[in-house]
Amino acid sequence: MIESSIFGVYEERNGKRRELYTKNLVPGMKVYAEKLVSKGQDEFRQWDPRKSKLAAAILKGSPNIGIRKNDIVLYLGCSTGTTVSHVSDLVGAEGFVFGLDSSPRVLRDFIFLCEKRKNITALLEDANKPLDYVDKVCQVDILYQDIAQRNQPEIFLKNVDIFLKKGGYALFAVKSRSIDVTKNPKVIFQQVRSEIEKKLTIIDYRTLDPFELDHCMFICKK
Amino acid sequence: MANYIFSNIAGNFVIDSGNRIIDKSSDAVALRAKYKAVEHADAKIVLSLFRGKEYLSAFREKNLAISKEKIRLSVNQDNLISQSMNAMQEMEKVSNLLSKRLREWYSLYNPEFSESISSNSKFSELVSAKSREELLKEIGAKNTMGADLGKTDLDAINVLASAIVRINATKESTREYAENIMKSYCPNLLGVAGVSLSARLIEHTGSLKKLAFIPSSTIQLLGAEKALFRHMRTGSRPPRHGFISEHQSICSAPQKERGKLARQLAARISKAVKIDYFRGKHD
Ligand SMILES: C[S@@+](CC[C@H](N)C(=O)[O-])C[C@H]1O[C@@H](n2cnc3c(N)ncnc32)[C@H](O)[C@@H]1O
């Protein structure tokens, strides 16, 4: 197990494959069906790039995802918390993650995760309506968005504008099929790029295949 | 110098023009009285004041409580219809799977009877209720190539047969349950589409409300999304119907009329759903 060049992310070679890990904030506790590995005092949770787009982006070569120890994160589209759990590991006990999702069904599972991890909380809200939760969060260092909506770039910029601090990082997972199934994903990613470039500096862009088809990740700075 | 007031789930705060919190209280009215004409703060500017530990822990506890309450209140008729719909489908699958097994198992003992009856539900009912002699007589067979199994062997087969009978009965009562909900929740849809198609449409879209805002041309294709997207991407033949093809009026019609019938049924469903949904809104 070696420390990778990305803060808080560990790596191990398994034959030709690179495996990613984060240090488990709650040792002994699995979140999904991930592998746990103990090394000395520490326990590591394997980070599956097929279940988490952020892990996919790292394996596709993103040199910097912006997330540091003690950061405060607003995560739009947290679902049951697969990726959030690793972000929670990265920011550590003094950091914090606001997980937001509009589906009661997935948030119900996410709440059980929050009960086990003291550095996360759950909001049942529509990311399209930031004014509905402006009284439930604070300014954040990192904004992460992964929601399958036609107007996802617009939602992203709205939230960046209100909640992300100047100099903070904005991570944006885009699913081309939920914007337009008929168009070539590359064309859609290009449109999204020119839309978000007006407000943010894009510091990295990765397509996520073969882990996720027709998806990409933008890593931006405000 | 103007002071600003800002309220969030952690409390009510007075913020001075230098963007510092100068007072807070759970009582907003008292704060307003104390600071006289306070103005509302611009959220974008003051959000940076709430990054401290004490606020984060308030945000955590309050948001968890609020979200739990919202989840509790989110449960509705659509959820109950969807769950019963899925339960019916799963019981159907399980029942078919176990019935096949029962046939194989029972055929060691009485293959002639298994061979003579095609209905799975009748088969398990009869096997659990009657003896081999009675069943052979019913089909007019004199003897059997089945082995003579002992009482413990037959008991084991019978336990499975009765379990299948019970699953079938449960499926039927679940169906009645769903039908009863829909009789008051969406009687027009129920009248046009029947229990299982109505439930499937609600389950697939998530709610009667969403269904009410979907155009009839889309309703026609719900359940055929894969074929539809393939058509849009590659220009393959477009699908003519999705779930609604299970409706009596379509599955019993000749191939070449199905497209037209599907369109008409979708239009009737769409109208019925709108009546049901908006009627519920005005009551
Ligand atoms: C692909 S999942 C996210 C998976 C998650 N990022 C992970 O890696 O573990 C997308 C989520 O976005 C949520 N979603 C869709 N539209 C939304 C909206 N308008 N506001 C908030 N959440 C939304 C869905 O309920 C779903 O849970």
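**Aromatic pairs, worked through**

B:Arg103 lies over the face of B:Phe123, with 4.5 Å to the ring centre. "Over" here needs NZ of Lys or CZ of Arg within 6 Å of the ring centre and within 35 degrees of the ring normal. This is a predicted model, where local features need pLDDT of at least 70, side-chain atom pairs count only at pLDDT 80 or more, and totals for chains, interfaces and linings use all residues. Residues are numbered from 1 along each chain as its sequence is written, chains are lettered from A and ligands numbered from 1 in the order in which they are written, and side-chain values use heavy atoms, leaving out hydrogens and water.

**Exercise 1.** Classify the pair B:Tyr106 and B:Phe123.

*Step 1.* Rings of Phe, Tyr and Trp (its six-membered ring) pair if their centres lie within 6.5 Å; planes under 30 degrees apart are stacked, over 60 edge-to-face, the rest tilted.
*Step 2.* The structure has 18 aromatic pairs over all chains. In this one, the centres are 5.8 Å apart and the planes at 80°, so call it edge-to-face.
*Step 3.* B:Tyr106 sits in helix α4 and B:Phe123 in helix α6 of chain B, so the pair ties together parts 17 residues apart in sequence. (Helices are DSSP runs of H or I, at least four residues, numbered from the N terminus.)
*Step 4.* Both B:Tyr106 and B:Phe123 are buried.

**Exercise 2.** Now do B:Phe213 and B:Tyr277.

*Step 1.* Centres 6.0 Å apart, planes at 70°: edge-to-face again.
*Step 2.* Check burial: buried is under 20% relative accessible area, exposed over 50%, partly exposed in between (1.4 Å probe, protein chains only).
*Step 3.* B:Phe213, at 55%, is exposed, whereas B:Tyr277, at 11%, is buried.

Methods. Helices (H or I, at least four residues) and strands (E, at least two) are DSSP runs, numbered from the N terminus.
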